[in-house]
Amino acid sequence: MTPRPWQAWSTRTRLLVMTIAPVVAMCLTLVWYSYQSRQEEVRAALAGRGELLARVLADSSEAAIGSGRYEHLQRTIRDVL
């Protein structure tokens with residue numbers, strides 16, 4: 001049977017690895033969780049802004065059509081595009 005690589009390590013090295021490995025794993029998990037939660041916040045904010053923009057454009061277009069200001073409506077559509 002071949003010896004495992006860590007069997008040649010000293011007790012100090014083994015304890016150091018057993019201590020540092022979980023800390024590194026926890027730090028990586030924390031970084032990943034922070035990144036994912038920030039992504040969710042950004043998506044929610046963009047969705048809210050998109051809905052607000054759509055509502056404002058719809059109201060503005062409705063008002064422009066109602067008052068017969070088609071040039072304003074065309075300019076608004078060009079600006080959005």
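Student: How many salt bridges does the structure hold?

Tutor: This is a predicted model, in which local features need pLDDT of at least 70, side-chain atom pairs count only at pLDDT 80 or more, and totals for chains, interfaces and linings use all residues. Residues are numbered from 1 along each chain as its sequence is written, and side-chain values use heavy atoms, with hydrogens and water left out. A salt bridge is a side-chain nitrogen of Lys or Arg within 4 Å of a carboxyl oxygen of Asp or Glu. The number that the structure holds is three.

Student: Which residue forms a salt bridge with Glu40?

Tutor: The closest N and O atoms of this pair are 2.9 Å apart. Both residues lie in helix α1, three residues apart, about one turn of the helix; helices (H or I, at least four residues) and strands (E, at least two) are DSSP runs, numbered from the N terminus. The partner of Glu40 is Arg43.

Student: Is Arg38 buried or exposed, or partly exposed?

Tutor: Buried means under 20% relative accessible area, exposed over 50%, and partly exposed in between (1.4 Å probe, protein chains only). The side chain of Arg38 meets that of Glu41 in a salt bridge of 3.0 Å, N to O. Because its relative accessibility is 48%, Arg38 counts as partly exposed.
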